[in-house]
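Dear colleague,

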Amino acid sequence: MQHSRQNTFLFIVLSLGLVVLFLVNLSLGSVNIPFKDVVQALTGGEATKSTWEYIVLNYRLPKAITALLVGMGLSLSGLLMQTLFRNPLAGPYVLGLSSGASLGVAFIILGAGILPSFLGSIFSSSYGVVIASTLGSFLVLLAVLLVAQRLRDTMAILIVGLMFASFTAAIVNVLTFFSTAQQLQKFTFWAMGSLGSLSWTNITILSITCIVGIALAALCIKPLNALLLGERYAKSLGINFSKTRFIIILATSIMAGGITAFAGPIAFIGLAVPHITKLIFRTSNHLVLFWATLLTGAILLLLCDTITQLPGSDLTLPINAVTSIVGAPVVIWLLLRKRKGMYS
């Protein structure tokens, strides 16, 4: 009962923190906008300056919503992978989806000259990088799902995912070797990740992707708790392990693939947030962790995005650099504070 009250209190604190941080994110940047004017712009009122209203609604709001979606999707994907593989170092990109997306983007940025002319015209459009990234992730997803149908050993699937990642990384390295400085710079910027420059159409597609992935993951909450004690124990409870594994891999692939397509490969969030959430809530119950991970992931990426904006400066740091610089020490500190029996 006391544990339940504690969880409720933590959820309330995190929810309020998310709302406050969301408003702070919209307020800070190269131009600092007062809270009151941010709220006015969001609620349909008139801000003190029309330019402030335009900045909030057309630049900062889409980026903040993207940060929410990316943070939630990657964090939940990381939780699913860590539970499925029973490996604390597993993350959303462990199946090679990020590498597949990178390969797709590398082909259109670094290897544009080797593509047929009709493909070149398709990928040179504004959606070229998104299409290429999606195709790359999707092809790796198909390969992993086909392997998953044939292999009974879950760890073997993990190894296959790592092999796909190595294979695609090798091809990217070959393309990099034959690329110009301008092509390399463009590819490097994509690899650094970005939450900005998404249109409302892009955000709508990303939202649908994340909602579908979260809905699929929600179907697996009960089986995930059983998987903590191993595959045999889960089967003894009457859980269809093959079906559950397929749904988990599909949900992770949809979320991680969609996010990588629109925002690039965002590091650290999917790996670290599940650990941070477990340490905050002191539980391994996925009924709690499922929702807590979504909230924590959204908060952490919003915080990182706020830092990237360097309030008062025209400069914007790469999101990947900040997620690693801010996140890695936090996880090390939390793990050092961890005590035996901290999870119940």
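Of the 344 residues in the protein chain, 51% are buried. Please note that this is a predicted model, and that the figures below are to be read accordingly.

As regards surface, the accessible area of the protein chain is about 16700 Å². Carbon and sulfur atoms account for 68% of that area.

The secondary structure of the protein chain consists of 15 helices and 0 strands. In overall dimensions, the C-alpha atoms fill a box of roughly 65 × 60 × 35 Å along the principal axes. The radius of gyration is 21 Å, which agrees with a compact globule, because a globule of 344 residues would have a value near 20 Å. Among contacts between residues at least 6 apart in sequence, 77% join residues that are at least 24 apart.

Concerning charge, the protein chain carries 20 positive and 7 negative charges.

Finally, a word on confidence. The average pLDDT of the protein chain is 84, and 91% of the residues score at least 70. Among the elements, the highest mean pLDDT, 94, belongs to helix α14 (residues 286-308), whereas helix α5 (residues 117-123) has the lowest, 55. Over residues 340-344 the pLDDT falls below 50, although this stretch has 12 contacts in the model beyond near neighbours in sequence. Where pLDDT is low, predicted coordinates should not be read in detail.

With kind regards

Terms used:
Residues numbered from 1 in each chain as written. Predicted model: local features only at pLDDT ≥ 70, side-chain atom pairs only at ≥ 80, totals over all residues. Heavy atoms only, no water. Helix = DSSP H or I, 4+ residues; strand = E, 2+ residues; numbered from the N terminus. Rg over C-alpha atoms; globule rule 2.2 N^0.38 Å. Buried < 20%, exposed > 50% of the residue type's maximum accessible area, 1.4 Å probe, protein only. Contact = heavy atoms within 4.5 Å. Areas by Shrake-Rupley, 256 points an atom, 1.4 Å probe, with all protein chains shown as cover. Lys, Arg positive; Asp, Glu negative; His and termini not counted. Charge placed at Lys NZ, Arg CZ, Asp CG, Glu CD. pLDDT = per-residue confidence, 0-100.
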